[in-house]
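I open this notebook to keep track of what I look up in the structure. The entries follow the order in which I checked things.

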Amino acid sequence: MTGQAQAGRPNKLLRNLNAKIASIPMILTALVIFVGGTLWTVFYSFTNSKLLPRLSFVGFDQYERLWAAPRWVTAIENLALYGILSLIFSLVIGFLLAALMDQKIRFENTFRTIFLYPFALSFIVTGLVWQWVLNPDFGIQSVVRSLGWTSFTFNPLYTPEIVIYGILIAALWQGTGLVMCLMLAGLRGIDEDIWKAARVDGIPMWKTYLLIVIPMMRPVFITTIVIIASGIVKVYDLVVAQTSGGPGIASEVPAKYVYDYMFQAQNLGQGFAASTMMLVTVAIIIVPWAYLEFGGGRKRG
């Protein structure tokens with residue numbers, strides 16, 4: 001009977017055949033454009049390409065110049081600081097807002113729309129809005145001083161030491177709403193019986209969240225972290241709209257460095273080398289996520 005049952009089953013390769021055939025164009029597109037483009041970029045990062053790609057190999061010279069450039073080092077430092085703070089504050093604020101929304105408050109749909117609305121704006125619009133808000137002549141500093149606090153100073157976009165925090169404020173304003181929605185969806189997936197059992201056992205609410213709910217939301221947190229991290233690595237629009245990398249190079253980021261060298265300095269080799277380093281950063285994020293989501297899941301199963 002077992003042999004007959006196995007004989008009657010369709011071959012695994014033939015299951016969902018129509019869906020597999022329909023996915024062929026997407027797979028080919030991914031292989032040719034994304035994988036091919038990535039390999040092409042890495043390949044030419046070892047050349048001395050200027051305005052146009054050329055096969056003039058220089059080994060690791062482009063990478064040596066890259067890491068010797070103060071502008072690139074500043075960009076990496078800014079990205080690290082911006083990334084760590086953005087990840088922490090986005091998760092904390094997003095989760096707290098989701099926990100408040102999960103209390104079945106009145107006008108929940110209205111508040112949810114208000115919090116999510118900034119995410120619908122482009123990064124350029126967000127950057128310009130916060131450039132005005134943080135402008136010392138007519139922004140927060142000007143308003144506070146008009147109220148009588150004439151010594152109040154708050155102009156992060158014009159202070160090299162804290163300019164990255166001004167960009168961080170705009171990023172949190174735009175992205176926290178999405179994190180809140182993801183966390184809220186995870187909280188709504190928690191069985192109501194768990195909350196009832198915690199109340200019966202007399203467990204404080206904060207302990208219920210910390211020791212029970214958050215561990216159960218692990219997949220949601222992992223997905224959210226990947227989404228936030230991917231946005232951190234490619235941050236560009238906010239910086240261009242708010243500071244254009246200034247004052248000086250104080251708010252430089254890797255994506256802007258790549259764009260400037262490839263399309264303004266006409267140094268494709270240096271731009272490709274910087275792009276490759278960004279690719280390595282993305283791989284550092286994606287590989288652990290893929291392992292936790294797929295490899296780790298198989299081991300648990």
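Which residues form one aromatic cluster? I find Trp40, Phe43, Tyr44, Phe57 and Phe272 in it. I note here that I am working with a predicted model.

**Aromatic pairs**

I looked up the aromatic pairs and found 17 in the structure. I took the pair of tryptophan 40 and phenylalanine 272 to begin with: the ring centres are 5.3 Å apart and the planes stand at 75 degrees, so I record the pair as edge-to-face. The cut-off for that label is over 60 degrees. This pair links distant parts of the chain, since tryptophan 40 sits in helix H3 (residues 24-44) and phenylalanine 272 in helix H15 (residues 268-300), 232 residues apart.

Are the two partners buried or exposed? Phenylalanine 272 has a relative accessible area of 4% and is therefore buried. Tryptophan 40, at 39% relative accessibility, counts as partly exposed.

I then turned to tyrosine 236 and tyrosine 259, which form a tilted aromatic pair, with 5.7 Å from centre to centre and 50 degrees between the planes. Tyrosine 236 is in the loop between helix H12 (218-233) and helix H13 (237-242), while tyrosine 259 is in helix H14 (residues 254-263), so this pair ties together parts that are 23 residues apart in sequence. I have tyrosine 236 as partly exposed, because its relative accessibility is 23%. Tyrosine 259 also goes down as partly exposed, at 35%.

Two packed helices are described by the angle between their axes and the distance between the axes, so I noted both values each time.

How do the axes of helix H4 and helix H5 cross? The axes of H4 (residues 61-68) and H5 (residues 70-101) come within 5 Å and cross at roughly 70 degrees. That angle makes H4 roughly perpendicular to H5. On the H4 side I list Leu66, Trp67 and Ala68; they meet Pro70, Trp72, Val73 and Ile76 in H5. Sorted by class, this contact has seven nonpolar residues, no polar ones and no charged ones.

H5 also packs with H14, at an angle of about 150 degrees and with the axes 8 Å apart. By class I count seven nonpolar, no polar and three charged residues in the contact of H5 with H14.

**What the record lists**

I checked the UniProt record, an unreviewed entry. In the model, the end C-alpha atoms of residues 76-291 are 26 Å apart, and the span is 74% helix and 0% strand.

Where does UniProt place the feature "transmembrane region"? The unreviewed entry gives residues 21-46, 79-101, 113-133, 162-187, 208-233 and 272-292. I looked up two of these spans in the model. Residues 79-101 are 100% helix and 0% strand, with their end C-alpha atoms 31 Å apart. Residues 113-133 are 90% helix and 0% strand, and their end C-alpha atoms lie 22 Å apart.

**Backbone details in loops**

Which peptide bond did I note as cis? It is the bond from glycine 246 to proline 247, with omega near -5 degrees. Proline 247 is in the loop between H13 and H14.

I also noted positive phi values in residues other than glycine. Lysine 104 has phi near 55 degrees; it lies in the loop between H5 and helix H6 (108-120). With a relative accessible area of 58%, lysine 104 is exposed. Glutamine 266 has phi near 55 degrees, and its place is in the loop between H14 and H15. I record glutamine 266 as partly exposed, because its relative accessible area is 41%.

**One more lysine**

My last entry is lysine 196, in helix H10 (residues 192-200). At 45% relative accessibility, lysine 196 counts as partly exposed. Lysine 196 and alanine 99 are 97 residues apart in sequence, and their C-alpha atoms are 16 Å apart in space.

Notes. Residues are numbered from 1 along each chain as its sequence is written. This is a predicted model: local features need pLDDT of at least 70, side-chain atom pairs count only at pLDDT 80 or more; totals for chains, interfaces and linings use all residues. Side-chain values use heavy atoms; hydrogens and water are left out. Helices (H or I, at least four residues) and strands (E, at least two) are DSSP runs, numbered from the N terminus. Buried means under 20% relative accessible area, exposed over 50%, partly exposed in between (1.4 Å probe, protein chains only). Rings of Phe, Tyr and Trp (its six-membered ring) pair if their centres lie within 6.5 Å; planes under 30 degrees apart count as stacked, over 60 as edge-to-face and the rest as tilted. Axes are lines fitted to C-alpha atoms, for helices over the stretch in contact, and angles run from 0 to 180 degrees between N-to-C directions. Angles under 35 degrees count as roughly parallel, over 145 as roughly antiparallel, 65 to 115 as roughly perpendicular and the rest as oblique. Contact means heavy atoms within 4.5 Å. Ala, Val, Leu, Ile, Met, Phe, Trp, Tyr, Cys and Pro count as nonpolar, Asp, Glu, Lys and Arg as charged, and the others, Gly among them, as polar. UniProt positions are given in the numbering used here, feature names are shortened, and annotations may be inferred rather than shown by experiment.
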